[in-house]
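Please open the model in your viewer and keep the sequence panel beside it. The tour goes from one selection to the next, with a short account of what is there at each stop.

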Amino acid sequence: MAQSEEMRLEEILKIQVPQERVERLREWTRPDVPPGTPDEVIDYLLRQQAQFVNIQYRRFLAGIKVRQEDIHELMIGSIDIHAHGGSEPFERLMLEDELAIDCTRAGMRAVVIKTWYTPSASRNALVQRAVDRWAEEHEMTPVKVFGGVTLNRSVGGLNPEAVKRCLGFPGMKYVWLPMVDSYHHRRVVYDDLSGDGLRIVDEHYRVLPELEEILRICADNDLILASGHYPYEETKAVMEEAKRLGVRRLEVIHPAHIHSKHSLDQMKEVAREGVKLMLSGLGALAFPLHESGPVYAARIVQEVGADNLVYGSDFGQIHNPPHVAANRWMIQMLLAYGVSKEDVRKVFQTTPARHLGLEA
């Protein structure tokens, strides 16, 4: 392929790997699979590897370049709508003030901090004061710090009173549905078949009364209602009821994770209803992968549309990179696999700013 020939991701993905090539690959290379693995599985893995080779080498030979100045430009004014802070009863990578200072140093516009067991919004004022002081000393513009409440059992689960109590906190933006205390999280992640855990709908997919009250609070206070760790059908039912009750800002978090999995077609259906979807840095980059790597993330941008996506790093784990380093790498991977600068700008800047209600 000539270096001047452009090769976009969507074009490469259309290239089929014929069975003849798979059979040749069988002779020359082999996936690291247990003895007795069926031929159909080996063929699938070889075909997938060949497709990734197509993507990497065809774009490289087409002269694709990712410049560090482009990454720096896209980081300036960017927003991370799902960053895990350190105020947890287990070890995290950094505390919220350290995270906000890192974001300020990188020129980011805003960061939304999420915690599992206590309202992250309760620490917004303290974190914002710390970062404001640091930014003034270093003659920088401080990142805006936002937070919310996650409706796990530690705050009473689907507890309207917990949401009401958070309304007075500055930067209170989010209500996240249950995650680690969800019955679906427990069965998918821990193989817990007891049925224990929080539910959001009944057996007929009707939203539970206490959640309906929370949706009304979100509508009355212009909060973002974000999904939790539940299957597509249940999340869809809640989003539909939230829209009916007047909630304007809706979000499906990491829709490709195992415990909240949506197919690409389901993501597109959600987007058509005006619900934003989170593009997860953790899901695309981290070990172990929750999703299918940066190529799948690029496909989500291409097929679901940058106007429907908001970037959330989901980082903060002690074994993973710092949030800002991961954000830079996510931008680089998206550009490398065919997402345009303009679409990256939308996902990292424009769409999340509108989602948060910030001025354009």
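This is a predicted model: local features need pLDDT of at least 70, side-chain atom pairs count only at pLDDT 80 or more; totals for chains, interfaces and linings use all residues.

Select Glu139 to begin: with a relative accessibility of 75%, this residue counts as exposed, where exposed means over 50% relative accessible area, buried means under 20%, and partly exposed lies in between, all with a 1.4 Å probe and protein chains only. Glu139 sits in the loop between α6 and β3, and its phi is positive, near 55 degrees, although the residue is not a glycine.

Residues are numbered from 1 along each chain as its sequence is written, and side-chain values use heavy atoms, with hydrogens and water left out.

Now select Asp314, in the loop between β8 (309-312) and α14. Its phi is also positive, near 65 degrees, in a residue other than glycine. Is Asp314 buried or exposed? Asp314 is buried, because its relative accessible area is 5%.

**Ser120 and its surroundings**

Ser120 has 4% relative accessibility and so counts as buried. Show the residues around it, and you will find that Ser120 is in contact with Ile113, Lys114, Thr115, Gly147, Gly148 and Trp176, leaving aside neighbours within four places in sequence; contact here means heavy atoms within 4.5 Å. Which backbone atom lies 2.5 Å from a polar atom of the Ser120 side chain? It is the backbone oxygen of Ile113.

Rings of Phe, Tyr and Trp (for Trp, the six-membered ring) pair if their centres lie within 6.5 Å, and planes under 30 degrees apart count as stacked, over 60 as edge-to-face and the rest as tilted. The structure holds six aromatic pairs. In one of them, the ring centres of Phe90 and Trp116 are 5.0 Å apart and the planes stand at 55 degrees, so this pair is tilted. This pair links distant parts of the chain, 26 residues apart, with Phe90 in the loop between β1 (79-84) and α5 (96-105) and Trp116 in the loop between β2 and α6. Phe90 also pairs with Tyr117, this time edge-to-face, at 6.5 Å centre to centre and with 90 degrees between the planes. Phe90 is partly exposed, with a relative accessible area of 30%, and Tyr117, at 27% relative accessibility, counts as partly exposed too.

**Along helix α5**

Select α5 and colour its buried residues, which are Glu96, Leu99, Ala100, Ile101, Cys103 and Thr104. What covers these buried residues includes β1, β2, α6, β3 (144-150) and α14 (323-336). After α5 comes Gly107, whose phi is positive, near 80 degrees.

In helix α8 (residues 183-190), select His185, which counts as buried at 6% relative accessibility. Not counting residues up to four places away in sequence, His185 touches Met179, Val180, Tyr190, His229 and His259.

Then select Glu210 in helix α9 (residues 209-221), a partly exposed residue with a relative accessible area of 33%. Glu210 touches Leu158 and Pro160, again not counting residues up to four places away in sequence.

**The second largest pocket**

Finish by selecting Leu13, Tyr44, Gln48, Gln51, Phe52, Ile55, Ser292, Val295, Tyr296 and Arg299, the residues that line the second largest pocket. α3 (39-61) and α13 (293-304) are the elements that give two or more residues to this lining, and the largest share, five residues, comes from α3. A pocket is found on a 1 Å grid over the protein atoms alone, as an open set of points where a 1.4 Å probe fits, with protein on both sides within 12 Å along at least five of seven lines, and lining residues have an atom within 4 Å of a point.

Notes. Helices (H or I, at least four residues) and strands (E, at least two) are DSSP runs, numbered from the N terminus. A polar contact is a pair of N or O atoms within 3.5 Å; within protein, one must be able to donate a hydrogen and the other to accept it, and residues adjacent in sequence count only if both atoms are side-chain atoms.
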